[in-house]
Amino acid sequence: MESSLDEKVSLGSKANDESLDSLLKKLAANPMFRHIAPETLHAMAAEFEWFSLPGGQVLFRQDDRDDSLYVVLSGRLGAFIRNEDGREVLIRQMTSGETVGEMAMLSAEPRSATVIALRDAELVRLSKSAFETLADKHPRTLRFITDLLVRRLRQPPRPDAPAPAPKTIWLCPLDREVAYADFVRSAIRAFDQLGFKATAIDHTAASQSAEWLSRLEEAHDVVVYQGDFELTPWTRQCLRQADRLVLLADVSRPFATAPSALEAIFSNPLRIPTELVLVHTGRGSGHPQTHSYLTHLDGFPHHHVREALAADFRRLARLIIGRATGVVLSGGGARGIAHVGVIRALREAGLELDLFGGTSMGAIVAAGAALEWDDQSFLERMRATFFDDNPVSDYTLPMIALVRGRKASRFLRQHFADQQIEDCPCSFFCVSSNLTTSRLKIHRTGPIWNALRASSAIPGVLPPVIDGSEILIDGGLVDNLPIDVMREMRRGPIVAVDVSSDYTFRASIDEIDRRSLWQLAGHARRGTPNIFTVLFAAGTMGSFAQSRELRKSVELLIEPPLPGVSLLSWKTFHRAVDAGYRHTLEVLERNQGVLPTTSYSHHASSFSQPV
């Protein structure tokens, strides 16, 4: 990060005819210069300074007085600004054919951001004096700059903008015992099955030129770099060249001291996005070592991959390139039983679902899906709890809540035992409302049953969950459909299921305070609010206005119509499941092609799909 443009490597100069010809060929092949007349392009190339910028090097810093325009020919740059805390936040990434600095060149104002090479890059530089010379001799270059400004104004930088899909991936083993070569072959096969033309290279490519590597990347959608365990020159080159780093660990082995190759990553404040993959030799998932790895590698997203399951490799490929399908399920009491039918319909449609999240009842169903419960298991577990029994019927003196909550806790312990969120084969999260901090709490680690108990603790009905000194209650109070949490993960398309959108809470009697207990009891069966329904509605229908706008941002929104299914009508179990199933099939029929299915080709290299 302390490096500067002074350390750039020159690739050509105005006086060198050979380098000028090479630059002209590069510019002519770049879509950005495709429509420029040959004589104008030649004049521009003669004024350009062509150089390479190694990954991690600084092009310029925020507030610098640099009045030059830069064009990215290959590689990737990142623009960072300082936030209120003094930290640098990535607001934009620039790849081949994009420009940096046109505004500063025209206005002579200080740089508005720090720009750093996120990987090895080739650029050309046009100084302000050179631009003025060009403008005098070749006025058409003014049109070129004007087009750049219009394009930039139409697409202002946004910190929440999705990052470009990674093209180069560095696989780095954390343990010499990882079956590295087999993993790479399976990963390449998974990319091919998804329709991406992929290849892998190892240290034997270290002697190849930057031009060779550039052509290789242009010819493929994904290039996997096989890094060495040690910090070799090839490993350093992988670090400079990679858009994404994937750390491989054998989950059956305890975490050891990180290899020296990681020292360069951990010491780099602008390290490349990094994923941790925990490799399982069998078909099962979940291992006590998961927590150990997450403790030492805090902050890295992690994924479980079972070597014997091709579906796990496809899931990993989708997660890395941002094509994974995430499912978000809302709260809604007994109406949330419809989620079981929704999951069944999505699976039958051939969708491979990768991430799950939810609130309250939606969190319970999402957890089962993340643990890969099959359809029959879903039905049997949920029916035994919510149809054959009532998990909120252990009434007590209402000092904290109307029920003790022991039955709900027993149900969750029975079905989720000691399983941890971080051990789920598919990524999972749920949310609760933190009364102590007045904020949403996102559960990504820890016992599944306890997180679900907090997420479904309807205020006044179920006792809250105490986490240290913090008081946690139902997540629906703050976010009943946590689309924003899933969106922030930036993994791909989202399916949102809201079982509360059509719910109307109506009374069959007026002037409740003037009615006798007998009259109220008679109308209770027909819909008059009682203490349970009022507390359930208040605790699960919160944040609807907030989620209304977020729901517009998802790729697929499913809102099963559930007439006659109230928040507490557990005996409508089968009707709710069937309604969720049938409505989802109808939605999928109307939205064919929105989400990818599992109809993969085993010869995908013949129809490469751009990332």
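**Close-up views of a predicted model**

**View A. Arginine 306 pairs with aspartate 312 in a salt bridge.** Arginine 306 counts as buried, since its relative accessibility is 5%. The model shown here and in the other views is predicted. The closest N and O atoms of the salt bridge between arginine 306 and aspartate 312 are 2.7 Å apart. Aspartate 312 has a relative accessible area of 3%, so this residue is buried as well. The cut-off that matters here is 20%: a residue under that relative accessible area is called buried.

**View B. Arginine 487 and glutamate 555 meet in a salt bridge through their side chains.** From N to O, the distance is 3.8 Å. Arginine 487 belongs to helix 17, whereas glutamate 555 sits in the loop between helix 20 (544-550) and strand 23 (556-558). The pair therefore ties together parts of the chain that are 68 residues apart in sequence. Arginine 487 has a relative accessibility of 28% and so counts as partly exposed. Glutamate 555 is also partly exposed, with a relative accessible area of 34%.

**View C. Several salt bridges share partners and form one network.** The residues joined in this network are Arg306, Asp312, Arg314, Arg315, Arg318, Glu352, Asp354 and Glu372. Arginine 306 and aspartate 312, the pair of View A, are among them. Across the structure there are 23 salt bridges. As a general point, side chains of opposite charge can pair when their charged atoms come close.

**View D. A salt bridge joins arginine 240 to aspartate 120.** The closest N and O atoms of this pair are 3.2 Å apart. Which parts of the chain does the pair tie together? Arginine 240 lies in helix 8 (residues 233-241), and aspartate 120 lies in the loop between strand 8 (114-117) and strand 9 (121-126), so the linked parts are 120 residues apart in sequence. Arginine 240 is partly exposed, its relative accessible area being 29%. Aspartate 120, at 19% relative accessibility, counts as buried. The value for aspartate 120 is 19%, and buried means under 20%.

**View E. The rings of phenylalanine 51 and tyrosine 70 form an aromatic pair.** A search of the whole structure finds nine aromatic pairs. In this one, the ring centres are 6.3 Å apart and the planes stand at 85°, so the pair is edge-to-face. The pair links strand 2 (residues 49-53), which holds phenylalanine 51, to strand 4 (residues 69-74), which holds tyrosine 70; it therefore ties together parts that are 19 residues apart in sequence. Phenylalanine 51 and tyrosine 70 are both buried.

**View F. The rings of phenylalanine 386 and phenylalanine 411 form an edge-to-face pair.** Their centres are 5.3 Å apart and their planes are at 75°, so the pair counts as edge-to-face. Phenylalanine 386 is in helix 14 (residues 375-386) and phenylalanine 411 is in helix 15 (residues 406-416), so the pair connects parts that are 25 residues apart in sequence. Both of these phenylalanines are buried.

**View G. Phe51, Phe60 and Tyr70 are linked into a cluster by ring pairs.** The cluster includes phenylalanine 51 and tyrosine 70, the edge-to-face pair of View E.

View H. Cysteine 426 is in no disulfide, and its nearest cysteine sulfur, that of cysteine 424, is 8.2 Å away. Cysteine 430 is in no disulfide either; for this residue the nearest cysteine sulfur is again that of cysteine 424, at 9.8 Å. A disulfide needs two cysteine sulfur atoms within 2.5 Å. In general, a disulfide is a covalent bond between the sulfur atoms of two cysteines. Is cysteine 426 buried or exposed? At 2% relative accessibility, cysteine 426 counts as buried. Cysteine 430 is buried too, with a relative accessible area of 0%.

View I. Leucine 477 lies in the loop between strand 21 (470-474) and helix 17 (483-488). With a relative accessible area of 37%, leucine 477 is partly exposed. For the chain as a whole, the accessible surface comes to about 27700 Å², and carbon and sulfur atoms account for 51% of it.

Key
Residues are numbered from 1 along each chain as its sequence is written. This is a predicted model: local features need pLDDT of at least 70, side-chain atom pairs count only at pLDDT 80 or more; totals for chains, interfaces and linings use all residues. Side-chain values use heavy atoms; hydrogens and water are left out. Accessible areas come from the Shrake-Rupley method with a 1.4 Å probe; for residues, only the protein chains shown count as cover. Helices (H or I, at least four residues) and strands (E, at least two) are DSSP runs, numbered from the N terminus. Buried means under 20% relative accessible area, exposed over 50%, partly exposed in between (1.4 Å probe, protein chains only). Rings of Phe, Tyr and Trp (its six-membered ring) pair if their centres lie within 6.5 Å; planes under 30 degrees apart count as stacked, over 60 as edge-to-face and the rest as tilted. A salt bridge is a side-chain nitrogen of Lys or Arg within 4 Å of a carboxyl oxygen of Asp or Glu.
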